[in-house]
Amino acid sequence: DMKVVKSQSCDFTRARGKEVMEAFLKSPEGKSITALYAHNDDMALGAIQALRAKLHTSAPSRPAKAVATRTSASVKPRARDAGLTVSPRSPDAASG
């Protein structure tokens, strides 16, 4: 089961996606983040940049394991390069 632990608008920009994910990762809920959902490529790519930076600076004990987006295929290689699994499934389909 998936549970939404953090949610915030990123204004559909890469810079804001990165900024918000950096803040999420520093929050008390940051350790609970195991998936990412973004509505467009730019927000997803910004969030992936933040996740990638976090993975490179912290112990690899529990990195984010999935990126679920409604974005184009251009996000998939970057997510995989960051060690993330890409799923096209909407979080609405997984909530319960």
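The numbered points below go from the overall fold to single residues.

1. The model is predicted, so that local features need pLDDT of at least 70 and side-chain atom pairs count only at pLDDT 80 or more, while totals for chains, interfaces and linings use all residues. Residues are numbered from 1 along each chain as its sequence is written, and side-chain values use heavy atoms, with hydrogens and water left out.

2. The protein contains four helices and three strands. Helices (H or I, at least four residues) and strands (E, at least two) are DSSP runs, numbered from the N terminus. Along the sequence, these elements follow the pattern α-β-α-β-α-β-α.

3. Of the 96 residues in the protein, 33% are buried (under 20% relative accessible area, with exposed meaning over 50% and partly exposed in between; 1.4 Å probe, protein chains only).

4. Among the contacts (heavy atoms within 4.5 Å) with a separation of 6 or more, 64% join residues 24 or more positions apart.

5. The protein has an accessible surface of about 6100 Å², and carbon and sulfur atoms account for 51% of that surface. Accessible areas come from the Shrake-Rupley method with a 1.4 Å probe; for residues, only the protein chains shown count as cover.

6. Asp11 lies in the segment before α1 (14-26). Its phi is near 55°, a positive value in a residue other than glycine.

7. Phe12 also lies in the segment before α1, and its phi, near 60°, is likewise positive in a residue other than glycine. Is Phe12 buried or exposed? Phe12 counts as exposed because its relative accessibility is 52%.
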